[in-house]
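Welcome, and please open the model in your viewer. We will go from stop to stop, with something to select at each one.

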Amino acid sequence: MVQAIARAMKLLRLLAEQPDGLRLGELAERSQLKYATVYNLMRALESEQLAVRASGRRWTLGDMARGIGLTEQDHCFYRAAWQLIVRLSGEFPDSYLTFSQYRDTDLQAILYACVSRDRAIGDRIHPLPAYSTAAGVVYFAYAPFAQIRRFIRRRPFQATAERPGWFSLTEFEHAVWRCRQNGYAALPWGPESEMRIAFPLCRGDEFGGIMTVSRPHVTPEEKQRFLERVSALGNILPETEKPAAGLQEPGRLA
């Protein structure tokens, strides 16, 4: 099942790169899959409206695939996140790792790995509470501001009376602003011995998602050493700059 999903994603990526579409033979050649395998996968994708047959026996992305934003940019970050999770899971066998992206008008966890329990990377998509997670803070710090405004209209901030959560919008905005300055987010609640750090994954000035690293037992020295590496870990290409979008100073989300 996992292999079939990976192959189908490869075919969708190829279609995303070619707006005019590709023939089955071209898909087979570029994907290095057998023609019969491509044929069966495309029929399955067609049934889910992820791919459609266009003129000239060409296949293009279907409405459902376009709706969930299957672009080459998304897949670039997806692949980089997968590789980073593999790398970090080897370094921190006690960690829980998550990669999140904005998809379908919501902040969603796309990849995860509970290293000590599963020893595998999962890809079950589920929404994240943006206002009570470190990933949410990073999202508001780095996402395009127009996208942030749409998110707020759909899911306005609600203060909480107890943790986890933020007591006021001002408190949340300052957490987002500190994230911009530091290059990462860490929630102010939780035991000192735990580490839950979220940081942006970027390519040049493009913001592509959020990586969250959670560990149940760390020393202050271990946490500090990790924070010193965050900037390098989040850059999937060398010598990149911070995205210019996001909340750059408190008071802009009200």
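**Stop 1: a pair of strands**

Select residues 195–203 and 206–215: these are strands β7 and β8, which run antiparallel and are joined by 9 bridges. Within this pairing, I197 has V213 in β8 as its bridge partner. Strands here are DSSP runs of E with at least two residues, helices are runs of H or I with at least four, and both are numbered from the N terminus.

Before you go on, a word about what is on your screen. This is a predicted model, in which local features need pLDDT of at least 70 and side-chain atom pairs count only at pLDDT 80 or more, while totals for chains, interfaces and linings use all residues. Residues are numbered from 1 along each chain as its sequence is written, and side-chain values use heavy atoms, with hydrogens and water left out.

**Stop 2: the whole sheet**

Now widen the selection to the open sheet, where 6 strands follow the order β5-β4-β3-β8-β7-β6 with antiparallel pairing. Strands β5 (126–127) and β6 (185–186) stand at the edges with a single partner strand each, so one side of each has no neighbour in the sheet. Two strands count as paired if DSSP finds at least two bridges between them.

Next, pick strand β3, residues 96–103. How many of its residues are buried? The count is 6 of 8, so β3 is largely enclosed by the rest of the structure. (Buried means under 20% relative accessible area, exposed over 50%, and partly exposed in between, with a 1.4 Å probe and protein chains only.) Strand β4 (residues 106–114) runs antiparallel to β3 and is joined to it by 8 bridges; R103 has D106 as its partner there. Towards β8, β3 has 5 bridges, again antiparallel, and S100 is partnered with I210.

**Stop 3: rings around Y131**

Select Y102, Y131, Y139, F140, F151, F157 and F172, which form one aromatic cluster. The structure holds 15 aromatic pairs. Y131 and F151 have ring centres 6.3 Å apart and planes at 65°, so this pair is edge-to-face. It links distant parts of the chain, 20 residues apart: Y131 lies in the loop between β5 and α6, and F151 in helix α7 (residues 145–154). Y131 is buried at 15% relative accessible area, and F151 is buried at 2%.

F172 sits in helix α8 (residues 169–182), 41 residues from Y131, and both residues are buried. (Rings of Phe, Tyr and Trp, the last by its six-membered ring, pair if their centres lie within 6.5 Å; planes under 30 degrees apart are stacked, over 60 edge-to-face, and the rest tilted.)

**Stop 4: a charge and two cysteines**

Show R203 and F77 together: the charged end of R203 sits over the F77 ring, 5.8 Å from its centre. (This requires NZ of Lys or CZ of Arg within 6 Å of the ring centre and within 35 degrees of the ring normal.) Then find C179, buried at 1% relative accessible area, and C202, buried at 4%. The structure holds 0 disulfides, a disulfide being a pair of cysteine sulfur atoms within 2.5 Å.

**Last stop: colour by confidence**

Finally, colour by pLDDT, the predictor's confidence in each residue from 0 to 100. The chain averages 81, and 81% of the residues score at least 70. Where pLDDT is low, the predicted coordinates should not be read in detail.
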